[in-house]
Amino acid sequence: MLPGRIARLAALGVDQTDSEDERLRKATLTLAATLMAAMAIVWVATYWSLGLWRSGAIPFGYQLATAAGLLAFAHTRRFGPFQTSQLVMILALPFLLQASLGGFRTSSAVELWAVTAPLGALLFRGVRRATPWFIAFVVATVASGALEPGLHGEGHVPTSIVIAFFVLNLLGVSTTVYLLLRYFIGERERVLHALRVEQGRSERLLLNILPATIAERLKDGPDVIADGFDVVTVLFADIVGFTAFAHARPPAEVVALLDRLFSEFDELADRHGLEKIKTIGDAYMVAGGLPVPRPDHQVAIAEMALDMCTAVDRFRAEAGVDLAIRVGIDSGPVVAGVIGHRKFSYDIWGDTVNMASRMEAQGLPACIQVTHNVYEHLRGRYEFRERGTIDVKSKGPTKTYLLLGRR
């Protein structure tokens, strides 16, 4: 973070509508121009003290032009003219000063300052648009070397001043480049860090909506995501008595209760390695064996169902609320995929889904009703009681069983 006054200076030409990248470019050039104009005082004072009025007028002219440019930039917020004027002066004036002083040696190679022009163009204009500025620097350097024998300085510069200015030019250019690159890269890293934080937050939100493997596939391409699974296990659960509870309680209390209960269901789904599909009102849907197939999906769903019943019983005792859970389970083939463009949803379809929903809807409070298919897979590990044959909507007479607990 910059000190207060420097931060205000850096924001001199920044507009509220500017992007983070545009703000950074403006701030970097503003600070660069101010720094170099301030450092030019040394050259102005030294050359004028030696009676080299023309040579001192060149950095002084840069100071005046920079001050005027900063005032105009602060007023108009137009970055283009200010950027171009600075790059032109930074490129041209060091060569003019060098010629005025008589060449490389007597000017202490002041043209080194001109290298900041292509470097600045690289920062402010990008790689492609910076190339002409670098070519201009190379051409000007070669021309200076060619014209060197014919140059005659404005006056004599003491050897001690020449040596001191060699040191100042080397240190000045390197320090300016280092500080500006440090500021520019540091600010860019700060922006990139903020972007990574936002990206991480977006990815976490996406993972709250979609399974991790599906989210990765969605990021890889816009293709339709649809998969067929030969056998998975689907669980539907409904809170019995919730409708009456919702009518009798304030909305905040209703939502808080459902959030607390379903959050515990979410933790159970994570613990058992199951995929929460969705909630509809006070109904909860979860599946095992997708999107990554697993051989023990029936067992995982059975454990989830028993734990859900335990959680509701504990919640009823703690909160003093007369609620119960009704669960339905079936196993079989399903189709799964992502639907929607603005609001994604990972959902599953098929006869297995419909049957699991019927098992729940036509089940008994505080009971887990399963199909014969599920019973056949789990009867060696769990206790069941045959409920008998019931008339299932769209299916007709169907034998069902109640899952009672672990053997």
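Predicted model: local features only at pLDDT ≥ 70, side-chain atom pairs only at ≥ 80, totals over all residues.
Another loop residue with a backbone feature to note is Arg-77, which sits between H3 and H4; its phi is near 65 degrees, a positive value in a residue other than glycine.

From the loop that holds Arg-77 one can turn to the helices on either side of it. Two packed helices are described by the angle between their axes and the distance between the axes. For helix H3 (residues 53–76) and H4, the axes come within 10 Å and cross at roughly 175 degrees; since angles over 145 degrees count as roughly antiparallel, H3 and H4 are therefore roughly antiparallel to each other. Their contact draws on residues including Ile-58, Pro-59, Tyr-62, Leu-70 and Phe-73 from H3, and on residues of H4 among which are Phe-79, Phe-82, Met-89, Leu-93 and Leu-101.

Helix H4 (residues 79–101) also packs against helix H5 (residues 116–125), with axes that come within 8 Å and cross at roughly 160 degrees, so that H4 and H5 are likewise roughly antiparallel. The crossing in which H4 passes H5 is left-handed. On the H4 side the meeting residues are Gln-83, Thr-84, Leu-87, Ile-90 and Leu-91, while H5 contributes Thr-116, Ala-117, Gly-120, Ala-121, Phe-124 and Arg-125.

A further partner of H4 is helix H2 (residues 20–49), whose axis comes within 11 Å of that of H4 and crosses it at roughly 25 degrees. This angle makes H2 roughly parallel to H4, and the crossing of these two helices is left-handed. Among the residues of H2 that meet H4 are Arg-25, Leu-29, Met-36, Trp-43 and Tyr-47, and the H4 residues they face as a group include Phe-79, Phe-82, Gln-86 and Leu-97.

Because Arg-25 and Asp-21 are 4 residues apart in helix H2, about one helical turn separates them. A search of the whole structure finds 19 salt bridges.

The surface, finally, carries a nonpolar patch formed by Ile-163, Phe-166, Val-167 and Leu-171, which together have about 350 Å² of accessible area. Leu-171, one member of this patch, belongs to helix H7 (residues 159–209).

Technical notes: Residues numbered from 1 in each chain as written. Heavy atoms only, no water. Patch = residues over 30% accessible without salt bridge, like charges linked within 9 Å, V, L, I, M, F, W, Y side chains within 5 Å. Areas by Shrake-Rupley, 256 points an atom, 1.4 Å probe, with all protein chains shown as cover. Salt bridge = Lys/Arg side-chain N within 4 Å of Asp/Glu carboxyl O. Axes fitted to C-alpha atoms, helices over the stretch in contact; angles between N-to-C directions. Parallel < 35°, antiparallel > 145°, perpendicular 65-115°, else oblique. Left-handed = near helix turned anticlockwise from the far one by under 90°. Contact = heavy atoms within 4.5 Å.
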